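The stops below are meant to be selected in order.

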Amino acid sequence: MSVAERVMRFPVNALEYANILLTTDDAAVGVTPKEVVWTHRETTLYRYRSSNRRYAVPLLLVFALINRPDIFDLRPGSSLVEFLLEEGFDVFLVDWGYPDEEDADMGLDEFVCDELDWAVRETLRASGAEELTLVGWCIGATLCAMYCGLDRGSRGRVPVRNLVELTMPIDGRQSRYAKWVGDPELDVERVAELYGSLPGGAIDFANKMLKPVTNFWTTYRRLWDGVQDGNARRESYQPMAKWVGDNPPFPGRAWAEWIELMYRDAGLLRGRVRLRDRLVDLRRIDQSVLVITAGADHIASRPGTMPFFDLISSEDVEHMDRPGGHIGLVAGSAARKELWPEMSAWLAERSEPKS
Amino acid sequence: MADRRNGAQSPEEQVRALFEEAESSAAKAFEELVGKPSFGRLLALSAENTAALTRIAFDAVDLLWRNLRLAGRADIVRLSRQLHRNEDKLERVLQEVESLREEVARDAREARDREREEARS
């Protein structure tokens, strides 16, 4: 296309560009049919509808406390949930909801000892299974690891057969985040107390500041180039942009504890994390474990995940390290052809067929 | 045209490549900048001050609102917390009831099995 043609088409392109940006909120995300199984406070447990359940061990998907779990089910044709249902798994999802100021007192103990524990219980009740597979992503993966490593006293071992950890941070002290929040002069508890729950917008801004040019400029420039060249993919841009912009608040106490745990103390490595006076010891993890790391992950980098392997006592451990980013690795367009089938094959080997 | 066939870039493509190169250099430079401890310090100070200012503003508005005898945000949060506490208790009671019900059902099943065995023998 010549320069003159570009100039002539500029008004049309500008309208198209504005239209894509302004209608992003109308994009449908997380549309796979599902039913509410259980709710407590802001947490909701969903079960996806399926007439193709071939495996007896249900999957419970757990996402981070940042952003929404819709990333598991981004859009038809590019949905991990849809793929897992097609493969015959019984899929459940725990959604932490939109915590607000009244949830500011929720700490990591509430998420691990109550919300996740009860979600596991309800998943087992609804599915009729005795054990399940936990699939955690980002902070959700760390919460799953903490849940499996928690001393449950007389309740014995957690009813988890398999543990799948996607881009899981265990030690964030070498990350860029640590440079921002690792400084002891930043009184995280004071910030948490002042805010109550940390605004989702602030968390989103901080995340974007990790790669400022890419997030604040390149994304929009690429979209403009796509519009100019006539190959802008509205159907893939909008759901992802909507998901990125949907940021629930982070409960203040949980945020302060997370900063301490991940960026200052790395307590999980040293086995000194306690939730309600119960020790979290990752050596208790003896389930079949699949850990997936992304080569270009700037949030949960590979070196920050690797110590996990030295801590757990599982005999059946597999590590998949693939090129990609923190989210793109699992939600990107290549995942459906490469990573998801590998994950599904791993799960199928460890999930007995439904009788 | 001959140049293009030989793989040479058009002026427009050259401009675009230069632009992308500049963008990539800027991205690297900014990533270095935000990776500096001083930037972290600045961000931390800004976060603390913004949080404090937000809190002062909210509290002032809330005070005004409450003096007008209207329920402010603090009242709504307090009520929501009470509701949450009740929900927590309800959830625990519900779990207890469910486990007792399961226990009763299990006992009844075992008793039935025993009776059947006794009847057979």
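**First stop: a strand end and its surroundings**

Select A:His40, which is found in strand E1 (residues 34-40) of chain A. Helices (H or I, at least four residues) and strands (E, at least two) are DSSP runs, numbered from the N terminus. The model is a predicted one, in which local features need pLDDT of at least 70, side-chain atom pairs count only at pLDDT 80 or more, and totals for chains, interfaces and linings use all residues. Residues are numbered from 1 along each chain as its sequence is written, while chains are lettered from A and ligands numbered from 1 in the order in which they are written.

A residue is buried if 20 or more other C-beta atoms lie within 10 Å of its own, exposed if 12 or fewer, and partly exposed in between, with C-beta atoms placed from the backbone. A:His40 has 19 other C-beta atoms within 10 Å and is therefore partly exposed.

Now display what surrounds A:His40. Two residues are in contact if their C-beta atoms, placed from the backbone, lie within 7 Å. Not counting residues up to four places away in sequence, A:His40 touches A:Glu115 and A:Trp118, and also B:Glu87 and B:Glu91 of the other chain.

**Second stop: two arginines with positive phi**

Move on to A:Arg41, in the loop between E1 and strand E2 (43-48) of chain A. Most residues other than glycine have a negative phi. The phi of A:Arg41, however, is near 50°, a positive value. Then select A:Arg276, in the loop between strand E9 (273-275) and strand E10 (278-280) of chain A; the phi of A:Arg276 is also positive, near 50°.

Is A:Arg41 buried or exposed? A:Arg41 counts as buried because 20 other C-beta atoms lie within 10 Å. A:Arg276, with 11 C-beta neighbours inside 10 Å, counts as exposed.

Select strand E6 (residues 160-166) of chain A, where six of the seven residues are buried. Strand E5 (residues 132-137) of chain A runs parallel to E6(A), and six bridges join them; strands pair if DSSP finds at least two bridges between them. One bridge to find is that between A:Leu134 and its partner in E6(A), A:Leu163.

Next, select A:Val62. Leaving aside neighbours within four places in sequence, A:Val62 is in contact with A:Val94, A:Leu116, A:Leu134, A:Val135, A:Gly136, A:Gly140, A:Leu143 and A:Cys144. A nonpolar core is a set of buried Ala, Val, Leu, Ile, Met, Phe, Trp, Tyr and Cys residues joined through C-beta atoms within 7 Å. The largest such core has 104 residues, and A:Leu60, A:Leu61, A:Val62 and A:Val91 touch the most other members.

Zoom out to chain A, which has 15 helices and twelve strands. Its C-alpha trace spans about 75 × 55 × 35 Å along the principal axes, and 46% of its 355 residues count as buried.

Colour chain A by domain, with bounds that come from an automatic or database domain assignment: domain 1 (1-29 + 200-248) and domain 2 (31-185 + 252-349). The C-alpha centres of the two domains lie 30 Å apart. Eleven residues of domain 1 are in contact with twelve residues of domain 2. On the domain 1 side, helix H9 (residues 234-245) of chain A gives the most, with three residues.

Select chain B, which has four helices and zero strands. Its C-alpha atoms fill a box of roughly 100 × 65 × 30 Å, taken along the principal axes. Of the 121 residues of chain B, 3% count as buried.

Finally, show both sides of the contact between the chains: 24 residues come from chain B and 24 residues from chain A. Helix H2 (11-34), helix H3 (37-67) and helix H4 (73-120) of chain B each supply at least two residues of the chain B side, and the largest share, ten residues, comes from H3(B).
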